[in-house]
Amino acid sequence: MYSTLLTNLSEGIFTITVNRPDKLNAINHTLMQELGEAVDEVYVNKDIKTAILTGAGPKAFVAGADISEFLGLTREQGQALSAKGHRIFDRIEHSPKPIVAAVNWFALGGGCELAMACHFRLCSSNARFGQPEVNLGLIPGYGGTQRLPQLIGKARALELTMTGAMIDAREAHRLGLVNYVVEPEELIATTRELLKTIGEKAPIAIARVIECINAFAGGGGSGGGSGVRGFTLEQQAFGECFATEDMREGASAFLEKRKAQFSGK
Ligand code: COA
């Protein structure tokens, strides 16, 4: 199926594993293409409720864009490369189904940006994050200059991006880049537990939560901005929930003191 990804669907959780471990899962042209296709699967496959993005091998989530493809690119080709990454990472951020990053070890450059495009992140205790592009005479090109300040604040984002420094899991947690730090062998199990909890909720409500909170955060460039649009969107989305069977089921189940069974309608 895919040459650079492994995928697995069980219990409604779709796991996408970036699989170029000999190159620390660096994102080359094929991998970016296939990542886009795997994200499309998340959107269209009705059996997928939630998704995990992680990296193969013991050493990396994703160590960045594949630097070996950079030499010889023109200004126009560089911009097109960035635009393609933006399109796919935006699709991750705006996915109506939760996509969570399980960061095992290095998440550098495009790897850190990929993790940041996900709805939230867990990492292993040995994880390392960074935007080292300035070491290559570059800047982050897959949304990092926008998503990093949203997550950790402008001054810290500027420092991290200008020094190209790596931070460890504890610092990433302190800065709010990751929600949880767990032992490496517990990373996937912990992520799955969280996603099982989310997978039991009403899917339309989950999709609307993502949409509204993305509007607050700026939405990765395509979603809006200041939060003002988000207030309006929330009112619409709240109203739309009243037109769903799941809202009636959820409220009835509460009143009848039973567990809700959501249909996604
Ligand atoms: N692009 C292309 N290849 C990469 C890569 C990347 N971003 N990151 C790692 N690799 C390759 C290495 O070239 C090496 O390949 P080789 O065995 O054919 O020589 C292999 O992955 C293993 O990496 P190596 O550097 O030997 O591992 P290490 O443990 O010594 O160092 C890192 C790990 C992550 C510190 C180091 O690989 C690194 O700095 N990578 C680049 C990170 C970066 O700048 N990312 C932003 C890109 S815009």
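In which helix is the place of Asp90? The legends below belong to a predicted model, and the first of them takes up this residue.

**Figure 1. Asp90 and its partner Arg147.** Asp90 has its place in helix α2, which spans residues 75-93. With a relative accessibility of 16%, Asp90 counts as buried, because the limit for that class is under 20%. The side chain of Asp90 is joined to the side chain of Arg147 by a polar contact of 2.9 Å. Arg147 also takes part in a salt bridge with Glu93, in which the two side chains meet at 2.6 Å from N to O. This second pair links distant parts of the chain, since Arg147 belongs to helix α4 (residues 144-152) and Glu93 to helix α2, 54 residues apart. Both Arg147 and Glu93 are buried.

Figure 2. How many salt bridges does a search of the whole structure find? The search finds 13, and one of the pairs shown in this view is formed by the side chains of Arg258 and Glu256, which meet at 2.7 Å from N to O. Arg258 is partly exposed, with a relative accessible area of 36%, and Glu256 also counts as partly exposed, at 49% relative accessibility. Elsewhere, a network of salt bridges links Glu11, Arg192, Glu193 and Lys196.

Figure 3. Which residues come nearest to the ligand, of the 17 around it? They are Lys23, Lys59, Ala63, Ala65 and Ile67. Lys23 places a polar side-chain atom 2.4 Å from an oxygen atom of the ligand. For Ala63, a polar backbone atom is 3.0 Å from a nitrogen atom of the ligand, while for Ile67 a backbone N or O atom lies 2.9 Å from a ligand nitrogen atom. On its own the ligand has 860 Å² of accessible area, and the protein covers 59% of this. Sorted by class, the shell around the ligand holds eleven nonpolar, one polar and five charged residues.

Figure 4. Ile67, one of the residues that come nearest to the ligand, lies in the loop between β4 (60-62) and α2. At 46% relative accessibility, Ile67 counts as partly exposed. Together with Leu136 and Leu138, Ile67 makes a nonpolar surface patch of about 250 Å².

**Figure 5. Helix α3 and its cover.** Helix α3, which runs through residues 110-117, is mostly covered, and eight of its eight residues are buried. Among them are Gly110, Glu113, Leu114 and Met116. Cys112 also has its place in this helix and, at 2% relative accessibility, counts as buried. Between Cys112 and Ser3 there are 109 residues in sequence and 22 Å in space, taken from C-alpha to C-alpha.

**Figure 6. Two residues with positive phi, Leu24 and Asn25.** Most residues other than glycine have a negative phi, and this view shows two places where the backbone departs from that pattern. Leu24 has a positive phi of about 50° although it is not a glycine, and Asn25, also a residue other than glycine, has a positive phi near 60°. Leu24 lies in the loop between β2 (13-18) and α1, and Asn25 is found in the loop between β2 and α1 as well. Are these two residues buried or partly exposed? Leu24 is partly exposed, with a relative accessible area of 24%, whereas Asn25 counts as buried, at 0% relative accessibility.

Terms used: Residues numbered from 1 in each chain as written. Predicted model: local features only at pLDDT ≥ 70, side-chain atom pairs only at ≥ 80, totals over all residues. Heavy atoms only, no water. Buried < 20%, exposed > 50% of the residue type's maximum accessible area, 1.4 Å probe, protein only. Helix = DSSP H or I, 4+ residues; strand = E, 2+ residues; numbered from the N terminus. Near = heavy atom within 4 Å. Polar contact = N/O pair within 3.5 Å; in protein donor to acceptor, adjacent residues only side chain to side chain. Areas by Shrake-Rupley, 256 points an atom, 1.4 Å probe, with all protein chains shown as cover. Nonpolar A, V, L, I, M, F, W, Y, C, P; charged D, E, K, R; others polar. Salt bridge = Lys/Arg side-chain N within 4 Å of Asp/Glu carboxyl O. Patch = residues over 30% accessible without salt bridge, like charges linked within 9 Å, V, L, I, M, F, W, Y side chains within 5 Å.
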